[in-house]
Structure formats: structure tokens, C-alpha cells
Amino acid sequence: MAGLFDKQADVYLEGRPTYPKEWYSKLAALTPHHTLAWDVGTGNGQAAISVAEHYEQVIGTDVNEEVIALVGGEDSVDLVTVAAAVHWFDLPKFYNLVSRVLKKPEGVLAVWTYSGIEVSPTFDPVMKRFQDTTLPFWDNRAQCAWGGYKTLPFPFQSVEGFGCEGNPLPLDIPTKLSFEGFLKFLRSWSAVTTAKDQGVDLLPEKVVKEFEAAWGDSKLVRSVSYKAFMLAGKVKL
């Protein structure tokens, strides 16, 4: 994962969606205790900040063995969250860590991602054509995210109402988005940067103009929906 987003870090922060507050309320309702949560692959801390509204302490880190001491040892964590990042992890290593630090039997691991955006019947086919042009430039691990985590291994006991391995819970992230904000979203994609490094501009003026025409007006702020997918589970005993 390291390096894939370094070149577009600022654009990444501006171009990505904000996760709905009710997601965190629903996840918090799954755990009887709210002492400690661990947000992994925390990035700009968006998820960690929202989780902190429900838990006494939240630790945001990347994945490493040292986190066991950081979070207070085994069987110490009520909730582990991973926002749009678990597909980059060494999954066996990460799942082993989670199984060790989660409280048993009530601790919960929740992972989610989003793949694509819906704007309008006119705009969406243009978006699909663009998305197809990016496919050769994605890291193989990103394909799991674009598939809505349907192929993500998830060896945990499913939690009712939050999907299960092979069948994640579909969710929407509704928001208001400007055309400039939409372009920042596209420019935050690692595939767009990878292509540029290889001498391929996936967003030339012609493509931007096509998007703008389908958007309706470059000054128009539209209601859009990012398509998201979530899995939540507990350690199998």
C-alpha cells in the first residue's frame, strides 16, 4: 500500500467521501462495551474521529505486531474498523492480529469500501466508460474493492444485518458534489497516477469536457451516491 497514494495525498483528502455518522452508531450498538477501538489503516483519521464519538479511547495505526502492546494486549479491543483499506493488507497477518486483540466473544471487526459513484442516467454510462479505461492501471488488490468485497476472504462469524463472506452489506453514501469535487475524486485514484507515471493521461481535456457535458454545468452541485459495501464479524470460537 505504501507509495500508491503519496503523489496525490492532498487530492485524496479532498476527493474522497465522508462516511455517514449512522454507520458508527450501528457498529457501536454491536458491542456491549465501549472502552477501546482500533482504527487500522487510519489514513487521515476520518473513521477514527467518528468512532471516538462512541468509544472512550480510539487508537489509529497501520498494521504491525507492536500494536498488540499499544492497545493493551490480547482480548482488549471492543471494535476494530478498517475504512477502504483492508484489501491492501497482508490478510492472514492482519486477521491473526485482530483475532488476538478483539475481546471474545463480543468484539467486532468491521471493514468497508466503496466502488464507484452514481450521478444520473446520463452521466453514469460516461463514468463506466472512463472506469474501463483505468482497469489496466489498478493494482491487483484494488480489484477486490471495485468488486465490492465480494471476493474478500473474511473468516469471522457474521453479524446479522452486516453481510457475510461473499455477500457484503450494500450501502449508499449520499452527498452533494460539485463538478470540481468530482474531478478531484477521479484524480485521487491510484490508477490515474500510475497511468500518468507511464505516460498515459486518463483525464485529458476531451474526457473532462465529456464529463462536464454529462454533468450538466460545471458550476452545478449535484446529489450523488457513492456505492459502499461493509462486512462485520466476530472471532469464531
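Visitor: Why does Tyr149 count as buried?

Guide: Its relative accessibility is 0%. Buried means under 20% relative accessible area, exposed over 50% and partly exposed in between, with a 1.4 Å probe and protein chains only. The model is predicted: local features need pLDDT of at least 70 and side-chain atom pairs count only at pLDDT 80 or more, while totals for chains, interfaces and linings use all residues. Residues are numbered from 1 along each chain as its sequence is written, and side-chain values use heavy atoms, with hydrogens and water left out.

Visitor: Where does Tyr149 lie, and what is its phi?

Guide: Tyr149 sits in the loop between helix 7 (142–146) and strand 5 (157–158). Helices (H or I, at least four residues) and strands (E, at least two) are DSSP runs, numbered from the N terminus. The phi of Tyr149 is near 60°, which is positive although the residue is not glycine. Most residues other than glycine have a negative phi, and most peptide bonds are trans.

Visitor: What is the phi of Ala84, and why is Ala84 called buried?

Guide: Ala84 has a positive phi, near 50°, and is a residue other than glycine. Ala84 belongs to the loop between strand 3 (79–83) and helix 5. Its relative accessible area is 13%, so Ala84 is buried.

Visitor: Which peptide bond is cis?

Guide: The bond from Lys104 to Pro105 is cis, with omega near 10°. Pro105 is in the loop between helix 5 (91–101) and strand 4 (108–118).

Visitor: How many aromatic pairs does the structure hold, and what makes Phe130 and Phe211 edge-to-face?

Guide: There are 26 aromatic pairs. In the pair of Phe130 and Phe211, the ring centres are 5.5 Å apart and the planes stand at 70°. Rings of Phe, Tyr and Trp (its six-membered ring) pair if their centres lie within 6.5 Å; planes under 30 degrees apart count as stacked, over 60 as edge-to-face and the rest as tilted. The 70° angle therefore makes this pair edge-to-face. Phe130 is in helix 6 (residues 123–134) and Phe211 in helix 10, 81 residues apart, so the pair links distant parts of the chain.

Visitor: How do you know whether Phe130 and Phe211 are buried or exposed?

Guide: Phe130 has 4% relative accessibility and so counts as buried. Phe211, at 0%, counts as buried too.

Visitor: Why is helix 6 called roughly antiparallel to helix 10?

Guide: The axes of helix 6 and helix 10 come within 9 Å and cross at roughly 160°. That angle makes helix 6 roughly antiparallel to helix 10. Angles under 35 degrees count as roughly parallel, over 145 as roughly antiparallel, 65 to 115 as roughly perpendicular and the rest as oblique. The crossing of helix 6 and helix 10 is left-handed. On the side of helix 6 the contact, meaning heavy atoms within 4.5 Å, is made by Phe123, Val126, Met127, Arg129 and Phe130. Helix 10 contributes Val207, Glu210, Phe211, Ala214 and Trp215. By class, this contact has eight nonpolar, no polar and two charged residues.

Visitor: What makes helix 8 oblique to helix 10?

Guide: The axes of helix 8 (residues 179–187) and helix 10 (residues 205–215) cross at roughly 135° and come within 11 Å. Such an angle makes helix 8 oblique to helix 10. This crossing is right-handed. Phe179, Phe182, Leu183 and Leu186 of helix 8 touch Val208, Phe211, Glu212 and Trp215 of helix 10.

Visitor: Which residues of helix 9 are buried, and what covers them?

Guide: The buried residues of helix 9 (residues 190–197) are Ser190, Ala191, Val192, Thr193 and Ala195. Their cover includes helix 6 and helix 8. Gly199 follows helix 9 and has a positive phi, near 85°.

Visitor: Why do Lys176 and Ile49 count as exposed?

Guide: Lys176, in strand 6 (residues 169–178), has 58% relative accessibility and so counts as exposed. Leaving aside neighbours within four places in sequence, Lys176 is in contact with Val221, Arg222 and Ser223. Ile49, in helix 3 (residues 46–51), has 56% relative accessibility and so counts as exposed. Ile49 and Gly60 are eleven residues apart in sequence and 9.3 Å apart in space, C-alpha to C-alpha.

How values were computed:
Axes fitted to C-alpha atoms, helices over the stretch in contact; angles between N-to-C directions. Left-handed = near helix turned anticlockwise from the far one by under 90°. Nonpolar A, V, L, I, M, F, W, Y, C, P; charged D, E, K, R; others polar.
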